[in-house]
Amino acid sequence: MQSKPRAHHHVGLAFNWQYDADFIHMLDRALHQAGLTSYVIGPHNLAQTTLEVHNGERRFDWCLDRASDEDRHFLQLNHVLAAHGTRFLNAHAEYIRASDKAEIHRDLLATGLQLPLTLILPPHDREPDLDSRLIDQFAKPFVVKPAKGGGGKGVLVGATTADDVRKTRVHHRDQRYLIQQAIEPQLFGDRRAWFRVYHVCGTAIICWWDDRTHRYATLTALDAQLVNVPELERIVHIVAEVAQLDFFSTEVALDKHGRYVVIDYVNTPCDMRLQSHHFNGVPDTIVQQIVAAITGFLKQQIVGATGDTGDAHLWP
């Protein structure tokens, strides 16, 4: 019996969040226009794709994984892909390390970056009772956040007492918690000097991000006269060296002492909802820049190295 032919794709795009669809479609289209083949993997074809990769019937050079952080079934796909030589944007092992704020805080502190004054607490289950004097002596107000997770889940802003910390720690009893000094940014008119800086395969992309409204805005050429753009780029490249991730964002605030302070170190997977569809989404032009940076990197890695153009574009 003749064996089933292998399907070769330059890039696999794995996602499981419905609001990722616009971003994935944009990236899929850009890869196709760049002469690369891509294949979208979602919950609807995950099991079949995993089996085909395992059996050698489908092969990927690279994979962008935006699902395994929440779905272990996608993590199984990652293991199978890795066993067959696929390379990843944001390897899962590096993601696990970098997403632990307590771990990466120590590494970033050693680089000399400006970080908020921080106290790292053990998990509640390991040490339920804390010496309240630690908190009483801490700069106020402060932010209480779990070491893992994102999207503001489990975070208490404006805390001032040891009781605030006690009540917050019980929400994630098995996690370490960070107590961080609240940073008040400078004001440019009515705009808070708070930034979200993306690191996308070596490219730094900067935009405004309001920590109170969660609204994004593009950084214009006029804005760039107010902001130390090279410093923001330097910061995100240092974070990238420590995190060993290809695609993430970090939050940086310009405080009243003129320091660029790294607030939230590594956010990934990045929220890529379009601002044209969601009030607190990312400006469409920023998403387009991110898509272009990923596409350019992958083309350089794949076509630049081999000259291969692969099979026809596929959207399952």
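**Helix packing**

I began with α2 and α3: α2 passes α3 in a left-handed crossing. Left-handed here means that the near helix is turned anticlockwise from the far one by less than a right angle, and right-handed that it is turned clockwise. This is a predicted model, in which local features need pLDDT of at least 70 and side-chain atom pairs count only at pLDDT 80 or more, while totals for chains, interfaces and linings use all residues. Residues are numbered from 1 along each chain as its sequence is written, and side-chain values use heavy atoms, with hydrogens and water left out.

I looked up the geometry of this pair next. The axes of helix α2 (residues 46–54) and helix α3 (residues 72–83) come within 9 Å and cross at roughly 15 degrees. Axes are lines fitted to C-alpha atoms, for helices over the stretch in contact, with angles from 0 to 180 degrees between N-to-C directions. Helices (H or I, at least four residues) and strands (E, at least two) are DSSP runs, numbered from the N terminus. α2 and α3 are therefore roughly parallel to each other. The cut-offs are under 35 degrees for roughly parallel, over 145 for roughly antiparallel, 65 to 115 for roughly perpendicular, and oblique for the rest.

Which residues meet between α2 and α3? On the α2 side I list Leu-46, Thr-49, Thr-50, Val-53 and His-54; in α3 they meet His-73, Phe-74, Leu-77, Val-80 and Leu-81. Contact means heavy atoms within 4.5 Å.

I then turned to α5 (residues 101–109) and α8 (residues 229–243), whose axes come within 10 Å and cross at roughly 120 degrees. That makes α5 oblique to α8. Their crossing is right-handed. Ile-104, Asp-107 and Leu-108 in α5 meet Val-239, Val-242 and Ala-243 in α8.

**Aromatic rings**

I find nine aromatic pairs in the structure. Rings of Phe, Tyr and Trp (its six-membered ring) pair if their centres lie within 6.5 Å; planes under 30 degrees apart are stacked, over 60 edge-to-face, and the rest tilted. Trp-17 is partly exposed at 36% relative accessibility, and Tyr-19 is partly exposed at 37%. Buried means under 20% relative accessible area, exposed over 50%, partly exposed in between (1.4 Å probe, protein chains only).

Trp-62 and Phe-297 are also edge-to-face, with centres 5.6 Å apart and planes at 85 degrees. This pair links distant parts of the chain, 235 residues apart: Trp-62 is in strand β3 (residues 58–66) and Phe-297 in helix α9 (residues 284–306). Trp-62 is buried at 5%; Phe-297 is buried at 16%. I also noted a cluster of Phe-188, Phe-195, Trp-208 and Tyr-260, linked by ring pairs.

Which charges sit over rings? Arg-58 lies over the face of Tyr-39, 4.2 Å from the ring centre. Arg-196 has its charged end over Trp-209, 4.5 Å from the ring centre. The test is NZ of Lys or CZ of Arg within 6 Å of the ring centre and within 35 degrees of the ring normal.

**Backbone exceptions**

Most residues other than glycine have a negative phi, and most peptide bonds are trans. I checked for departures. Lys-140 and Pro-141 are joined by a cis bond, omega about -5 degrees. Pro-141 is in the loop between α6 (132–136) and β6 (142–146). Thr-268 to Pro-269 is cis, with omega near -5 degrees, and Pro-269 lies in the loop between β15 (260–267) and α9.

Asn-90 has a positive phi of about 65 degrees. Asn-90 sits in the loop between β4 (87–89) and α4 (92–98) and is buried at 9%.
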